[in-house]
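Colleague: I have just opened this entry for the first time. Could we go through it together?

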Amino acid sequence: MIKDTHVPAEEMQRQYAYAQMLQKQGLGLKYCIVTLGCQMNVRDSETMSGWLSGMGFTQTAAREDADIILYNTCCVRENAENKALGNVIWLKELKKLKPSLVIGICGCMVQQAGVGEELKQRYPFIDLAFGTHNAYRLPEYIYRILVERQRVFEVWNTDGEIPEGMPAKRQSGINAFVNIMYGCNNFCTYCIVPYVRGRERSRAQEDVLDECKELVMGGTKEIMLLGQNVNSYMGGGSAFAELLEQVSRLGIQRLRFMTSHPKDISDELIHCFGRILNLMPQLHLPVQSGSNEVLKRMNRHYTREKYLETVQKLREVCPDIGLTTDIIVGFPGETLSQFEETLSLVEQAQYDAAYTFIYSPRQGTPAASYEDGVTMEEKTRRIEQLIALQQSITSKKLAAQLGKAEKVLIESASTRDEGFVGGKTPRGFMVNLPGGAELIGKTVDVRITGQGKNTLKGEMVNK
Ligand code: 5AD
Ligand code: SF4
């Protein structure tokens, strides 16, 4: 079912009032937000930064300097959770040195059943925990902590209405993430996301367009539309292709989107790649496995054949499209021959890049109780084999770019090589080239002259 209800305007006003009251107090505190996980979390952290800046606080990247530290966590795999917990435990030492330090933890890990309560009991040095559904109440929570001197632990079970009109302090002025929907209805058997992000809720088209318009007017050059499965925007059908078309007309230079579930990708959307000039030829299409048996047990609702047919259609419409994917190795009971089917799919699909993961059991998901006779040693061997195969394909893809002239949108100065800047080609390859900070935000003509492991090297032409 489609839900497009907003958090009531009065509730949002209440949050702005809390932010204003804090600002008036002139506390002048410093905050640090540590973001783990995916683009959704990056975008959520930008909203939290927006709120905290609106309270008159300044952002710092150094946890040691901060008066408020917020951990925006991920729980998609066990190591993401371990990382968050390890980090938070380290903060206990920092709090001994600065007892007024406010430590908060939020995001997907906290949204899991019972975690908020556990954090409250086990870690008395944590002041604040909230889930993904009630994150828009951050101003109120900060007020309760700083002014009313309470510890706040609030995690809502119901997936919320959509909060509109929140502030944002974006990480970059050049490329921006724009949420078009929240949550997921797919329940892939390995995945925790539907449990922590709730059911699909789409933002109204006009809200998405308003945010995009504002970005374009503010000088943003590239927009990435975000959703767990953008193809089911407003319940599916042609709604996403329509939205894409509308956004593309706002005058944005480059448009991308993620993520697409292969089962829902429509012919209409595929044709957008041949038709919409500022839609960049790049698609992230997570396949997860090349074995029909495994795909079935993952509840993915497509076959390897159907997936490869989609890849072929995309390449017919847009021969230069850069495809990337996600793959899980060692799903419970994955046999050697099923793994080999993944290898052969990777050979056939010829991705520019693949993000590969060893299956990690997530409590509460169906696959966590599936029989699994495969050892971790064997899973590690398999993922190494897969990574080596993909690396050889990536190298070949990069080599095929040598000598080409490309339009590169310069995003940042290189942190590693002084005098170098980096940006992406339309297809999504990262290019490093000699140049200064004055190029940031510009689209320049670049000749591709070399390749690294996962990136390209280039030189500007017609300077
Ligand atoms: N174990 C390993 N990888 C997972 N992913 C999601 N859940 C799990 C899990 N339990 C991977 C999928 C997804 C990506 C974001 O994370 O490949 O596409
Ligand atoms: Fe998880 Fe599947 Fe939803 Fe992606 S589509 S978020 S893998 S349940």
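Colleague: Which residues line the largest cavity?
Modeller: The largest cavity is lined by Asn231, Gly237, Phe240, Ala241, Asp264, Ser266 and Leu269. A cavity is a set of points, on a 1 Å grid over the protein atoms alone, where a 1.4 Å probe fits but cannot get out, and lining residues have an atom within 4 Å of a point. This is a predicted model in which local features need pLDDT of at least 70 and side-chain atom pairs count only at pLDDT 80 or more, while totals for chains, interfaces and linings use all residues. Residues are numbered from 1 along each chain as its sequence is written, ligands are numbered from 1 in the order in which they are written, and side-chain values use heavy atoms, without hydrogens and water.

Colleague: What is the volume of the largest cavity?
Modeller: Its volume is about 40 Å³, taken as the space filled by probe spheres set on the grid points, which are joined across faces, edges and corners. The structure holds one cavity of 30 Å³ or more.

Colleague: Turning to ligand 1, which strands each supply at least two residues of its shell?
Modeller: Those are strand 13 (322–329) and strand 14 (353–358). The residues around ligand 1, with a heavy atom within 4 Å of it, include Val76, Tyr190, Ile328 and Phe357.

Colleague: Which side chains have a polar atom 2.7 Å from an oxygen atom of ligand 1?
Modeller: Glutamine 288 has one at 2.7 Å, and an N or O atom of the aspartate 326 side chain is also 2.7 Å from a ligand oxygen. For arginine 77 the distance is 2.9 Å. The protein buries 86% of the 410 Å² that ligand 1 exposes when taken alone, by the Shrake-Rupley method with a 1.4 Å probe.

Conventions. On a 1 Å grid over the protein atoms alone, a cavity is a set of points where a 1.4 Å probe fits but cannot get out, and a pocket is an open set with protein on both sides within 12 Å along at least five of seven lines; lining residues have an atom within 4 Å of a point. A polar contact is a pair of N or O atoms within 3.5 Å; within protein, one must be able to donate a hydrogen and the other to accept it, and residues adjacent in sequence count only if both atoms are side-chain atoms. Helices (H or I, at least four residues) and strands (E, at least two) are DSSP runs, numbered from the N terminus.
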